[in-house]
Structures are given as structure tokens and as C-alpha cells.
2 protein chains.
Amino acid sequence: MRRFVADKVKNLINRTRTTCSSHTNVLQRITSSQFLSTLHPSDSMGSDYSSTPVTLNNVNPKVLKCEYAVRGEIVNLAQKLQQDLKKNPGSHPFDELPTLILYCNIGNPQSLAQQPITFFREVLALCDHPLILYKSETQGLFSADSIERAFQILDQIPGRATGAYSHSQGIKGLRDTIASGIEARDGFPADPNDIFLTDGASPAVHMMMQLLIGSENDGILCPIPQYPLYSASIALHGGTLVPYYLDEETGWGLEVSELENQLKTAKSKGINVRALVVINPGNPTGQVLAEANQREIVEFCKKEGLVLLADEENVYVPEKQFHSFKKVAHSMGFGEKDISLVSFQSCGKRGGYMEVTGFSPEIREQIYKVASVNLCSNISGQIVASLVMSPPKVGDESYESFAAEKEGILSSLARRVKTLDDAFNSLEGITCNKAEGAMYLFPRINLPGKAIKAAEAAKTAPDAFYAKRLLNATGIVVVPGSGFGQRPGTWHFRCTILPQEEKIPAIVSRLTQFHKQFMDEFRG
Amino acid sequence: MRRFVADKVKNLINRTRTTCSSHTNVLQRITSSQFLSTLHPSDSMGSDYSSTPVTLNNVNPKVLKCEYAVRGEIVNLAQKLQQDLKKNPGSHPFDELPTLILYCNIGNPQSLAQQPITFFREVLALCDHPLILYKSETQGLFSADSIERAFQILDQIPGRATGAYSHSQGIKGLRDTIASGIEARDGFPADPNDIFLTDGASPAVHMMMQLLIGSENDGILCPIPQYPLYSASIALHGGTLVPYYLDEETGWGLEVSELENQLKTAKSKGINVRALVVINPGNPTGQVLAEANQREIVEFCKKEGLVLLADEENVYVPEKQFHSFKKVAHSMGFGEKDISLVSFQSCGKRGGYMEVTGFSPEIREQIYKVASVNLCSNISGQIVASLVMSPPKVGDESYESFAAEKEGILSSLARRVKTLDDAFNSLEGITCNKAEGAMYLFPRINLPGKAIKAAEAAKTAPDAFYAKRLLNATGIVVVPGSGFGQRPGTWHFRCTILPQEEKIPAIVSRLTQFHKQFMDEFRG
């Protein structure tokens, strides 16, 4: 029966392929059988849906075009393996290990057992259930400053309870806090009316793509490799992804000459390029932009009349300091009327915000309207976003534990990234740039011709072929580079550095053993 | 300066109007100056944005078309008044009252001081900060069953902490709970793989519109009046709203003959109608569908090959029982392969889910992919959705307080709706149908010709004119009916029944006084 379903899946995929063309040739198409995880029990009975109204021929073609590998085929395969292992322990070579499947595909620290920051959790819990703020037991359970902060936040919420809805841009008092945090970080003013609190960065990116893309003639300059939220959102909104390649040789450098060339090429094809996406630190590539480079990028956007869409994280990297694009633009003398800039920030726990500057009042009205259609983002996420931008200060009861927890996480990440990076670089045919500020590594694999042929025979991208073999042999889940885009003929995969530190040696050893066997099988 | 800004606003609105045409003539256009609340401080200086790249001429025209009155002009006016009153107490006629502005525009119980359900809040707080589960003080602060439930939920989350992300459809264990809740409610099986947990209902509606709308030739049958999420989402995705009118004379009845006529008209215009939206209980209209009516609707969708998009709430109404469309379809003998049905449920606190049945595996794959692009919904909302579908049971420590809180809320709502309904019906020229299951009333105002002329002179819809006068005179915020659509020449407004019960007499008295003065001013 499973073979029957698998064949059916392949047929469907082939049908999908013939009904849609790739929106860009840089994102290699990989087979996606994501619905394996959502199959209805009765589907395997082979009965048909011919009398239901929605088919691949009449579904929105933009949806068919959209791809999202980070949660695609490999993850579904992993979930299937996990179910198999539950039913038949011992059925896979790696199931003697404490955690059977190691999800290194997504940057979710908690699912990989990183403990959340205590101060954030205390404030969240108190805001969720304000009645306990008035009980004596609470003093023993929560720090004084988290109690005080919860009171402050609740005072800013009408009705003093984290209810269903807030202002469409988020609770005003929390936006005030975030604006102050941005001011303190950048040394330039920030306006709470410029802040839109969102459910993570995804809805914010969708909102801006919705605003900018009216037809397939509207193009968005997007790095390759890129986090596929961008390619997916551009495809869903019916625009054209205009790729610019990051230079792997210079540590995934962003060359303005490359931007200029790609812009020129796009214009010659009649594409009206509206915006430039910059991801800093890079995802999946991990590099942090130098300030001088950021100035060039700002100049380029100003000169070419492009909106700068900056996906930014406040990650602290000892060697390279993080500078927001807004700070860079302001330090160059550009003000509100000179450059249109949107900074996307994701703060974990489905919170985040975008800071929107340099748009006319009539366009701000349109952004506000689109935000209003979704009512508002979730209040817990709004609170976390405000806490991240305004953590405990020296002298607060929580300060020392907060600082220790943060430092513990960062230094552990630094050790993990070094161990994994060294391991990758020691393997035959693998090279890996340093991750300077993100939670990922993006090693390049020089796959032997025989492996590429085997992948072709299996109708899968060579890096997806490698990732599947890795998963089946070791239980380690990584995302094939073809999901992010890469220079044609190069192959990569993305691996988070988030597994618990004590598990890293086992991961390295399993990876090394697998890679050797793989190369032995396909070499020369 | 304020006059200058206001004039500027009008010019912009006029410019907006000339660049876009209404996507449907049933939704009367109202002036929207939503960005008043988001104006940048420097905007009022009159400086220009001529060098910024995004203008009303090159923004996505679909965004311009979209309207969303629930959070529109009136709400911004209310916020402005509130700011004025903070600065200059005594500057408005109604500011002797304890709550100056009464937001009756949005159904957010907490902002109108309704206390949240204790059990839900306890479980949420414990899940957000699991460390306290192991402390002795916690026993004194939380009920035994909320502690037990928190442990159960955490056991279902990898890493045992409510972290950043989950499965794209939501945490599997919570979906199991929700599926069991649906089974218990309907008496028919429900599959956790059919459940997609979402940030309230809005993203779910967007997902389905995205799937079904490929171009303006794709139409969606939508009730008029309707909650404007639907018209906004159809406009944003570039489809055509095919209106069907609810019959106010029969308590906002849904006639299948009207559906048939509108479908025929749309087809004759070359519109390919893909789906039927049904809101039950009605929003803003409040009526609950009779089961026989639901069966007709299911038959109609089946016969015409339409996806049934059902916006459903589990509201208990003593007179009329709630039946889900899935239960109705199953009781008619229709199964998974016979009818494509999506049930949207919003559970408060930005949680909710959609239950997706009757789609082929290849289409389910596409829905899953679109859900994956947004990664997942917020975990607090996911938890609340599971708690709503699985509340405390007889014998649980929380059961009695939970039942008392719920009964208290419902009986108070019933008293409030009666008081407000009676008050509206006692006013000259106002008629109001009973709200059977929603949190709103939607009274009709027969406005005098002189008032309609005054509204025309003020370039605003007559019901928006009334709502603005009401707000300025009383501080009560309602949403004009033109934001929801209504039969041409009829005028309504939507008012929530959520203000605290002790405030209702003051609201009624203010409303009555205002209405009399308004009618005296404009009568005959």
C-alpha cells in the first residue's frame, strides 16, 4: 500500500510540475511531498476526489509556484522516521541515541532543549494571569522586577488583561518601549508610530510584498542564497524575484557591482524593480555586513529609488558589530524623506516588529490598512518583543541571572559553531564559511559526479539526495541548499548550531562517519 | 495646523478615490483617514516625500481597493478624542463619565473589562513559565487541574517549553485535543491532520482566499452585510466579491433562491464562482442559522461545486442550537469525498483553527505549503484553542469556578443584549433584530433626508456621518453599516454588547439623548 501511495505522490508531483513553471531559474525545484504528513487516513484507500471542486488545474497558480523547503520533504521524511521508531524501536541504525531525530533544520532553540530566558517567562506568565500579582505566594515565585514590569505592561493595556486584540500596530506602550530600545541602540530617534508589532517577521514581509507587488512586472532584488520566506512571499504575491548572488569566496560578500548588474539585466527584461532585500546577519549564510558595505547599499537604494527591506537581528558578534540600516542611513545624513526603509525584526515566540520609515502619509495609510485586516499580532509576542528591546538593567533583581543566562547561551553557541565548523571543514569535499551572527552554518559540498547521477536517477536535487541519505543514516535533519538558492552547479545544506552542546560530539561523529561512507560509495 | 492636515487628508482621499474603482458596488465607499493615527510628527510640517519611491500611483492597486472600516476612520477619531481629553479634561461633553471613550466597535471583551476565564489563564501562565510547576508555592496559587493540564500540554511540546515554533499546522497533541472536542460536539469523527491552528481566523481566511483566487475572474459568494475581513481578503487577493443579501425582514435570513440568483448573475458576467462564505452566527447581524437552512446550503454547494467556507463560533444560544456545517453535512450522508468544507473558528487571544475536509491530497499539500510559509501560529493561541475545545469537566477542581464564570458571562451578555435591543427599538426610526449568538447588534436607522444631504455635503456616508456625530457627542464608538455592506439606501451601525453591565444604562441614556437631538436637528 505504501508503494501505491508513493507512486501516486510521484504522479501528482509530475502533474504539478507540468502545470507551473519555475518563477526563477536560480531556485532549483525539488520534489515536494509535504502532504505525506497530512494525508487523510482514508486517502490510502485509493478512493478519488473527482467530485470535489478544487484541483491542481484550477487552484491559484501562484500557490503552485511557491516553494518552501525549510518545512518540506526532508522534514516530512523525518517525521515518518520518528513514527516508525516509536512503533518499531531498533528499526533504524541511529536509534540507540537518546534523541532519535535531531532537527537541525529550523532555528527553534526550545525544541532543541535550550532553556528560555527566565525574566521573559516570568513577565509573560504574570501578564497572562494578572490575578496572581496580588497573591502573597507570588513574591516567592517571581523576581521583584518581573512583577514590577508586569504591572507596567498591564497598565498599558485597556482592561489590564492580555485579551484578544490590541491596536492594529500593537499596544502603544509596548511600541514606546521598543522605540526607546531602538534609540538607545542606534543613537538616533525612533518613533513608536513607525513600529508595527507582528507575529514574527513573516506577516511583516508579506505586508510589504503585498504593498509593492502589483503584477509579475514588479521585481524584488533578493540575495541568493536567501531564506525562502522571501522567494515564497514574492511567488505568492505574483512578483518576480530578481536574484543577486552573494560571493561565497569572500565569506558570502554582498558586492554592489553585482546588484547593479542584476538590476540592469532585470530592467532590460522590462522588470520594474521595487525593492532590495538584505538579510543581516545572512540566512542561511550567517555573515554580518561591514558598515562600509551597508553605506554602499543605502547609496545604491537611494540612487536607484528602491525600498530597502532589511531583515535584521540584534545579534551580538564580538568581531563584527551589528549596525542597523536605519543607524547607517542616519549617520550618512539621510532623514525620513530621503530613503524608504523597513527593518524586520523577529524576537522569538512568534513576536517581532517592523520599523517603517520614509513613506509618505498616504502610503503609511495603506500599510496601516493592510495591518488592520489581520486585526493585530498576538499579545504574548508583543510583550516578548518589548522585553527583548528593554531587558533588565544593572541593579534590577533579575539582572545578574538574565546576563548569566544570555552570556551562557551566546558563549555556548560560539563553542558549538566552532566545533561544527571545524568538523565540516575537515571533511573531504566540504568547505564552510564562518557563521558570524546567525544560528546556522551553510557548508558547501563538492558532490562526486556519481552522486549527482544517482540523484538524477532518483529525480531529486543532488543536495536533497545527500540530505535524505544523511537523515536515513543518522537521524540528522538538515535543509538542502536548493531550498535557499545557490549558484548553479554548487551544492550546500543548512544546519542549525542549536542542538545541546553535549550532543554536538555525537552529531559530529555520526556526520563524519556518514560522510566518509557516502564519499566511498560515490567517489570517482 | 489641524485644518491644514485635515485638508491634506481630504485631498489624499480624493486622489485615492480617482486611482481605484470599487470592487463591488454593494460596499459603499467611506472616507478613510486611518493614517491619522500613524502620522509621523514631521508630516504636519507640510514637507513632501517626492523623492521616496512608493506612491499611490505605483502601489499595488489591490491594496488600494481593500477596505476595512472596523478599524477605520471612526476608531482613529476616537483615539484623537481620547488624547484630547487626556490633555484637556472637560473639553468634551461626555468626559464626566468614568470611561471616556466606549469602544463598542470591536469584540474585545478584555478591553471592556470582562475578566478572562481563570482556568485558561492559569494553564497559559504555567505553560509560559514551566519552572514554577516544580515549586511548592505554585500549589497555593493554581488549581490542581490547571497544573495537571499544563504538564499534559508541555509533554506534547518538544523541549517542554512554549518556544518559537511548532509544526506548521500547530502542536500535534493540541490538534488531537481539538479533534476530540469536535467529535464530542458533532458526534462524527474529526481528524487532527485536518486541523490547522492559526493566529485567529484572519490568516486562515487569507490562506483559503489565496488558494482559490487566481484572478479577478474568480468569485466568492459572500453575505451582505458581512464581516469586512472577507471583502478585504477577496480584494487583497484580487478576486471578485459576489454578494448575496441577507433578508433583514426575516431576521437576516439566508435564502437559497438569493444564492441561486446571484450565482447566475455572476456566471453571466463570466465570473467563475469558487466558494460560498457563510458566517454563523452572523457578523455583524447576529442571527443563528436553522439546521434545515444549513442543509439547503450544503446541498447548494454540492450541486454547484462550491467550496463551503464556514465562519463558525461555538456560541450557546438557548433558543437555537448551534450546529457545525460538518455535522450537518455528515448527518446528510456526505463524506470526505463529497463536499469541500472549511470551518474557521476563532478562540480569542489570537488563537483559532480551521478544519479542512474534502480536499484531495494534492490540494491539501498546497494548503500545508501556504501554512508553512508563515511557519506556525503563536503557541499561546494554540493552547487557548485547545482549552476552549476541552474545558474542565465535572469533578475537576476548576470545574465549578469555570462553569460559574462562563454562565456569568453568558447570562450577563443575554441581559445586556436585551437592554440594548429594547433601547434601540424604542428610538424613533431605529429597528433592531435580535442577536441570537454573536456579540453584536446591527440596528437599522431610517435617516431623515436632511441628514443624508448633510452627510453628502460632508462627503461621507450617511451612517458614518451619524456614527461620527454619536462619537463626538457621547464618546460611544460604533462602526457604520457601510463598512459591512447593506442594501443600497438602508443605513445601519454595528454595536458590541460587551461593555460592562453597569455601564449599559449610561450608554442607553447617552444614546437616547443623542438620537433625539440628532432627529430634532434633521427631521423633516
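**Close-up views of a predicted model**

**View 1. Helix α4(A) passes helix α14(A) in a right-handed crossing.** A crossing is right-handed if the near helix is turned clockwise from the far one by less than a right angle, and left-handed if anticlockwise. This is a predicted model, in which local features need pLDDT of at least 70 and side-chain atom pairs count only at pLDDT 80 or more, whereas totals for chains, interfaces and linings use all residues; side-chain values use heavy atoms, without hydrogens and water. Residues are numbered from 1 along each chain as its sequence is written, and chains are lettered from A in the order in which they are written.

In chain A, α4 spans residues 118-128 and α14 spans residues 379-388; their axes come within 10 Å and cross at roughly 140°. That angle makes α4(A) oblique to α14(A). Angles under 35 degrees count as roughly parallel, over 145 as roughly antiparallel, 65 to 115 as roughly perpendicular and the rest as oblique. Axes are lines fitted to C-alpha atoms, for helices over the stretch in contact, and angles run from 0 to 180 degrees between N-to-C directions. Helices (H or I, at least four residues) and strands (E, at least two) are DSSP runs, numbered from the N terminus.

**View 2. The largest nonpolar core holds 153 residues.** Ile383(A), Phe424(A), Phe518(A), Ile383(B), Phe424(B) and Phe518(B) touch the most other members. Apart from this core lies another of 88 residues, among them Val277(A), Val373(A), Ile213(B) and Ala232(B). A nonpolar core is a set of buried Ala, Val, Leu, Ile, Met, Phe, Trp, Tyr and Cys residues joined through side-chain atoms within 4.5 Å. Buried means under 20% relative accessible area, exposed over 50%, partly exposed in between (1.4 Å probe, protein chains only).

**View 3. A cis peptide bond joins Asn283(A) and Pro284(A).** Omega is about 15°. Pro284(A) sits in the loop between β5 (272-280) and α11 (291-304) of chain A.

**View 4. Trp252(B), not a glycine, has a positive phi of about 60°.** The loop between β4 (240-245) and α10 (256-268) of chain B holds Trp252(B). Trp252(B) is buried, with a relative accessible area of 4%.
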